[in-house]
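Welcome to this guided tour! Please keep your viewer open and get ready to select residues as we go.

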Amino acid sequence: MVNLTPKAIDSVMSGDLNLKPVVQVLEIKLIANSKDRYRILVSDGVSTQQALLATQIGDRVRAGNLRRGSVVQLIEYICSTVQNRKIIVVLNLEIIITEWEIIGNPKPCPGAESISQKTTDNENVMQSKGVSLNGTSSSVPPPRVRTNSRMMNNKNNAPNFGPVVQPSYKPPPSYKGHGAITKNEAPARIIPIAALNPYQGRWAIKARVTAKSEIRRYNNARGDGKVFSFDLLDGDGGEIRATCFNAVVDRFFEVVEAGRVYLISKGSLKPAQKNFNHLKNEWEIFLEATSMVEPSPDEDTSIPQQQFDFRSIDEIQNVENNSIVDVIGIVVSVNPSVTILRKNGLETQRRILNMKDISSRSVELTLWGEFCNREGLELQQMVDSGFSPVLALKAGRVNDFSGKSIGTISSTQLFINPEFPEARRLRDWFDTGGKDAATHSISRDVAPGTKQNEIRKWVSQIKEDGLGRSDKPDWITVKATITFIKTDNFCYTACPLTIGDRQCGKKVTRLDDRGKWRCDRCDKEFEDCDYRYLLQIQVQDHTGLTWVTAFQESGEEILGCSAKDLYFLKYEEQDEFRFGEIICRSLFEQYLLRLKVKEEMFGDEQRLKITVVKAEKVDPSAESRYLLNQIAKIMC
């Protein structure tokens, strides 16, 4: 049988923070207006009490490991009073049994209520009392206890937890009649990053700098300024970003070095700006004039150099656009670096490579800026020499335009042939057959030397097979002939500005009074706009016909010229003959069309949207080999 810690609830509520009791979870509820914070009801078999889970424990609930009936050991926790009721804030726990029948007949402690009665409590009430929903208190820093008191009763083949010797509770000393209390000048106690919250008066953390940005200068309504930031990782796996502005930049930029361990204190915590901060922490440290950043006197080997959360390439297919991910794979091809002229007049470098992993998937990785001539050049030299290196990427951004790809951002880090267990496992797989294993690309374009994932369909099968009606789009290839192209609205005026690593491309409007163009998305005006294809094309094979839409890249592949050139030819030069010639030379040509098929809502009506992702004229020899291969499969 399972033995819960006797009188655990009474002891914890009395202030015993070192008990590490074994309790059972009776209820779990998501806090209203929150996506990752949970309130639970715990029991010692006799009494029950509400508890609040720290945000870092929420993943266990979502994964289904922590559920109703789970037997857990509370490793780190505090107890706080909110609106005359006490509540336990659980900072860390260990799941002993995932699910077990309810033990005993527990009753609520005096003043406690069930979770179902409290799930709509205002979170701000907790914060006004100095308790953060990430599980910390301004008055009691959490202990860092890691011991395990579990024992097993082999006789009954079931977990058995022996009684825990509980230290007697000693109430806090009374200062009545002892005179004024002097200011506490003792150093702040080091606490885990996961326990930080804005309601603590004094705190310190010990962490390693895993990434450091360059100084960035800006200009806004308050004037010019400069900023830099660095990412921190502690021995408990907690991560947080620290940011410095203006004079604080001058003080700490030369002090902070990537890879070193520091003691940091006296900063303020504010909500993390998730548009720029990808770390899994709801807070961000802002260092001030009184802040302290001191190198640790000892190199703490318990703090890792870096922390990864690797996703396999096949998982990236299901990741949302603009998500930040860590990925590791074998680089199989590298394109040369090219210079890209941004619409703002600045040049940047771009290099595209392709990587594969054990999931039998490959993905396109785009390197931008300095990554092209630093790690990118090294990778190209390796691949050109016949060696395929392992590449680990920390903090890449997912893009889902016409498939999934990954791009570098300013905080991205690349590790070539790292000494990770994952890297060694990849190398063993690649060298023992993975090199020649067939892989399917999840990206729009594939770098030379790799194979494409082709699911061939006839035109009639798009409707017959009900393609595009599931939650995810269907990606297919059809061999079809272009029979008609609409020419009345073949392009649109687009924003030429660059956002991040890509052109904005949104439709712009003409300001008649000033002769300029305006983009509502960028909230900017400019003299000249860009032109992008929006082609409506009818394609046909021996089974039927359908309409497809081709945007910029695929439109250029079909017509062989840019939308801007074709627009000026038709409307500025008014050369209808040459315009018609360009259109006609694409008609009645056979193409291999890579299509994205997805049913979407237009007003109140569901319509099937078919988009051309890539268009290639049929190569007779390559197509013949494909058909012969299909015949051979049928004959077998």
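Helices (H or I, at least four residues) and strands (E, at least two) are DSSP runs, numbered from the N terminus. What you see is a predicted model, where local features need pLDDT of at least 70 and side-chain atom pairs count only at pLDDT 80 or more, while totals for chains, interfaces and linings use all residues. Residues are numbered from 1 along each chain as its sequence is written, and side-chain values use heavy atoms, leaving out hydrogens and water.

**Stop 1: Ala395**

Select residues 390-399, which make up strand E23, and find Ala395 there. Is Ala395 buried or exposed? Ala395 is buried, with a relative accessible area of 0%; buried means under 20%, exposed means over 50%, and partly exposed lies in between (1.4 Å probe, protein chains only). Contact here means heavy atoms within 4.5 Å. Not counting residues up to four places away in sequence, Ala395 touches His278, Ile324, Val325, Asp326, Ile409, Ser411 and Thr412.

**Stop 2: strand E21 and its partners**

Next, select residues 347-356, strand E21, where seven of the 10 residues are buried. Two strands pair if DSSP finds at least two bridges between them. Strand E19 (residues 324-334) runs antiparallel to E21 and is joined to it by four bridges; look for Ile330, whose bridge partner in E21 is Lys356. Strand E22 (residues 361-368) is also antiparallel to E21, with seven bridges, and Arg351 has Leu367 of E22 as its bridge partner. E21 and E22 form a hairpin with four residues between them, and in the turn Ser360 has a positive phi of about 65°.

**Stop 3: the barrel**

Which strands make up the closed barrel? Five strands do, in the order E27-E35-E36-E38-E37, with mixed pairing. From one strand to the next, the twist averages 55°. Helix H10 packs on the sheet and touches strands E27 (474-485), E35, E36, E37 (590-602) and E38 (605-617); the direction of H10 makes about 50° with that of E38. Such angles run from 0 to 180 degrees between N-to-C directions, and the axes are lines fitted to C-alpha atoms, for helices over the stretch in contact. Zoom in on E35 (residues 535-541) and E36 (residues 544-550), an antiparallel pair joined by seven bridges. There, Ile537 has Val548 of E36 as its bridge partner.

Glu616 is partly exposed, at 37% relative accessible area. Tyr591 is 25 residues away along the chain, and its C-alpha atom is separated from that of Glu616 by 5.4 Å.

**Stop 4: helix H11**

Select residues 563-572, helix H11, and colour Ala563, Leu566, Leu569 and Lys570, which are buried. Seen down the axis of H11, its buried residues fall within an arc of 130°, so they line one face of the helix; the arc is that of the directions from the helix axis to the C-beta atoms. Among the elements covering them are strands E28 (491-494) and E34 (530-533) and helices H10 (552-559) and H12 (576-584).
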